[in-house]
Amino acid sequence: MSNFLMLVHNENMKIYRRMRTWVMLGILAFMSIIIPYLFSGGGGGEMTSFWEGAMLSVTFVSFLNTIFAVVIAADSVAGEFSWGTIKLLLIRPWTRSKILFSKYLSVLLFSILSTLTMILLALGTSYLLLSSTADVGMIPENMTPASYAVISWVFEYVDLFITIAIAFMVSTVFRSGALAIGLSLFILFTQGIFGLIFNPERYVWAKYILFTNMDLSQYMYGDGLGGMTLGFSMLILAVYYALFMGISWYVFNKRDVAA
């Protein structure tokens with residue numbers, strides 16, 4: 001166990017010793033602070049609830065957060081092949097499965113860190129600059145502003161979680177960070193469009209497509225389109241996630257890097 005933790009530590013060092021990582025975290029921190037400030041109109045946001053301001057801020061910044069997490073995931077495996085360090089990594093006394101899992105775990109830890117940074121700074125800045133008594137916009141009657149915000153943030157992270165899995169799989173299978181970034185961002189920006197085209201109320205089979213299940217916020221006010229439920233979408237996402245991870249594991253363990 002201690003050897004595996006050391007392996008995870010080494011992978012984290014590869015991420016955080018690069019200037020680009022701190023630049024990305026710095027941009028997230030700056031945007032998470034400046035957007036609530038802009039919502040407050042320069043510090044006088046008596047008419048806007050801090051919960052609403054925090055949720056809107058996180059919604060805006062989450063696009064950047066997804067892009068940055070995808071960059072880290074795409075480079076995790078593909079970078080080893082690009083720099084020619086994969087052979088040095090595989091000759092060490094660790095199984096390929098442990099090496100791959102340590103890389104994936106380090107990517108997840110970065111995504112958690114970046115997400116918490118974004119949420120805590122947006123929430124803290126909104127609390128200082130916006131009203132604590134103003135009414136929040138439309139939320140379900142059975143939810144408080146705090147529970148609504150937390151659930152929406154969890155749903156957004158699930159979307160990020162699946163997008164990272166796609167980027168990691170593409171990076172592992174094709175050894176191309178550019179392809180992993182491009183494909184993941186394509187899914188990020190077009191999933192809403194594909195959701196409209198492949199409407200589950202029009203096509204029954206569309207309920208099983210990844211794109212129609214990634215946006216869990218559709219269940220904040222009840223069941224989704226075509227009778228889809230939160231449990232159903234979670235099950236579909238779990239199946240796709242297992243498939244992505246299974247493909248990554250199989251390819252990484254079978255790939256010949258001797259040449």
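Helix α9 covers residues 230-254, and its 25 residues should span 36 Å at 1.5 Å a residue. The model is a predicted one.

- The buried residues of α9 are S233, I236, L237, F244, M245, S248, V251 and F252.
- F244 also belongs to the largest nonpolar core, which has 64 residues; F244 and W153 touch the most other members.
- Eight helices each supply at least two residues of this core: α1, α2 (19-39), α3, α4, α5, α6, α7 and α9.
- Helix α6 gives the largest share of this core, with 16 residues.
- Not counting residues up to four places away in sequence, F244 touches I162, A165, I166, M169 and L210.
- In soluble globular proteins, nonpolar side chains tend to be buried together.

- P36 is found in helix α2. P36 counts as buried because its relative accessible area is 0%, and the cut-off for buried is under 20%.
- Leaving aside neighbours within four places in sequence, P36 is in contact with M31, S57, A122, T125, S126, L129 and L130.
- P36 and L120 are 84 residues apart in sequence, and their C-alpha atoms are 12 Å apart in space.
- T66 lies in helix α3. Its relative accessibility is 8%, so T66 also counts as buried.
- With neighbours within four places in sequence left aside, the contacts of T66 are L160, T163 and L188.
- L183 is found in helix α7. L183 has a relative accessible area of 34% and is therefore partly exposed, a class that runs between the 20% limit for buried and the 50% limit for exposed.
- L183 and V70 are 113 residues apart along the chain, and 10.0 Å separates their C-alpha atoms.

**The largest pocket**

- The largest pocket holds about 630 Å³ of space.
- Its lining has 31 residues, and those nearest the centre are T59, S62, S152, E156 and S217.
- Helices α3 (50-83), α5 (96-129), α6 (145-174) and α7 (177-197) are the elements that give two or more residues to this lining.
- The largest share of the lining, 9 residues, comes from α3.
- Sorted by class, the lining of the largest pocket contains 18 nonpolar, 9 polar and 4 charged residues.

**The second largest pocket**

- The second largest pocket has a volume of about 440 Å³.
- This pocket is lined by 23 residues, of which E11, K14, R17, E80 and K103 lie nearest its centre.
- Helices α1 (2-16), α3, α4 (86-90) and α5 each supply at least two residues of the lining of the second largest pocket.
- By class, the residues lining the second largest pocket are 9 nonpolar, 5 polar and 9 charged.

How values were computed: Residues numbered from 1 in each chain as written. Predicted model: local features only at pLDDT ≥ 70, side-chain atom pairs only at ≥ 80, totals over all residues. Heavy atoms only, no water. 1 Å grid on protein atoms, 1.4 Å probe; cavity = no way out; pocket = protein on both sides within 12 Å on 5 of 7 lines; lining within 4 Å. Points joined across faces, edges and corners; volume = space filled by probe spheres on them. Helix = DSSP H or I, 4+ residues; strand = E, 2+ residues; numbered from the N terminus. Nonpolar A, V, L, I, M, F, W, Y, C, P; charged D, E, K, R; others polar. Expected span 1.5 Å × (residues − 1). Buried < 20%, exposed > 50% of the residue type's maximum accessible area, 1.4 Å probe, protein only. Core = buried A, V, L, I, M, F, W, Y, C linked by side-chain atoms within 4.5 Å. Contact = heavy atoms within 4.5 Å.
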